[in-house]
Amino acid sequence: MTDSSASLASLDHSIYCNFCPGYCCYRLPGSTLFVTALDINRIARHFNLSDGEVRKRFMESRNTFKTREDGSCVFLRNGVFEKRCSIHSARPRQCTEFPYGKPCPYLYRQDLLQRIHPRLLASLAAPCPDQSTASSSID
Ligand code: SF4
Ligand code: SF4
């Protein structure tokens, strides 16, 4: 980690969330989303489905969601300017608590941070985001 990435990562991570494609919503190496029975019940009520139907439609195994080919969570909205969770109010507890009051660990990854930082600088230079930069890929 460089000095610059260390100082950037020590900032309030929520600033970066606004410009991040949502790396925490991808199954990147070393990351695991743990979905509990309580989470499944909350999502079931959100969709007015049974717990079993939620498991059938969205779970890959007993404890985690399916992902798309690019590794993104099935509930991550793709193809929009800023990616967002489509079940935000009902998302799993792990998602609400991450990064647990600490700096986001993804911001210590120079490769990922370098993709976020230009977006942040661009937004400071141009208050109105340019919708033509919309992307459906992770970067
Ligand atoms: S990876 Fe970190 S900075 Fe990006 S959205 Fe998730 S918590 Fe925010
Ligand atoms: S449930 Fe929402 S916040 Fe959690 S990983 Fe999936 S898209 Fe991200």
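User: Leaving aside its neighbours within four places in sequence, which residues is Tyr23 in contact with?

Analyst: In this predicted model, Tyr23 is in contact with Leu28, Tyr106 and Leu112, once its neighbours within four places in sequence are set aside. They count as contacts because the C-beta atoms of two such residues lie within 7 Å.

User: What makes a set of residues a nonpolar core, and which residues have the most contacts inside the largest one?

Analyst: The members must be buried nonpolar residues such as Leu, Tyr or Cys, joined through C-beta atoms within 7 Å. The largest core here has 21 residues, and Tyr23 and Tyr106 have the most contacts inside it. Helices H3 (37–47), H4 (51–58) and H6 (110–125) each give two or more residues to this core. The largest share, three residues, comes from H6.

User: Happy to hear it. How many helices and strands does the chain have, and what share of its residues counts as buried?

Analyst: There are six helices and zero strands, so the elements run α-α-α-α-α-α from the N terminus on. Of the 139 residues, 20% count as buried; the cut-off for that is 20 or more other C-beta atoms within 10 Å. As for contacts between residues at least 6 apart in sequence, 66% join residues at least 24 apart.

User: Why are H3 and H4 called roughly perpendicular?

Analyst: Good one to check against the numbers. Their packing angle is about 95°, and their axes are 8 Å apart. Angles of 65 to 115 degrees count as roughly perpendicular, and H3 and H4 therefore fall in that class.

User: Which residues of H3 meet which residues of H4?

Analyst: From H3 come Ile40, Asn41, Ile43, Ala44 and Phe47, and they meet Asp51, Val54 and Arg55 of H4. By class, this contact has five nonpolar, one polar and two charged residues.

User: Where is Asn48, and why does Asn48 count as exposed?

Analyst: Asn48 is in the loop between H3 and H4. A residue is exposed if 12 or fewer other C-beta atoms lie within 10 Å; Asn48 has 7 such neighbours, so Asn48 counts as exposed. Its phi is near 60°, a positive value in a residue other than glycine. For context, most residues other than glycine have a negative phi.

User: Which residues does the cis peptide bond join, and what is its omega?

Analyst: The bond joins Phe98 and Pro99, with omega about 5°. Pro99 is in the loop between helix H5 (93–97) and H6. Most peptide bonds are trans.

User: Let's turn to the ligands. Which residues are around ligand 2, and how do they divide by class?

Analyst: The shell holds Cys25, Leu33, Cys73, Phe75, Leu76, Cys85, Ile87, Arg91, Pro92 and Cys95. They divide into nine nonpolar, no polar and one charged. Arg counts as charged, so Arg91 is the charged residue here.

User: Which residues come nearest to ligand 1?

Analyst: Of the twelve residues around ligand 1, Cys17, Cys20, Tyr23, Cys24 and Cys104 come nearest. The shell around ligand 1 divides into ten nonpolar, two polar and no charged residues.

Technical notes
Residues are numbered from 1 along each chain as its sequence is written. Chains are lettered from A and ligands numbered from 1 in the order in which they are written. This is a predicted model: local features need pLDDT of at least 70, side-chain atom pairs count only at pLDDT 80 or more; totals for chains, interfaces and linings use all residues. A residue is near a molecule or strand if its C-beta atom, placed from the backbone, lies within 6 Å of it. Helices (H or I, at least four residues) and strands (E, at least two) are DSSP runs, numbered from the N terminus. Axes are lines fitted to C-alpha atoms, for helices over the stretch in contact, and angles run from 0 to 180 degrees between N-to-C directions. Angles under 35 degrees count as roughly parallel, over 145 as roughly antiparallel, 65 to 115 as roughly perpendicular and the rest as oblique.
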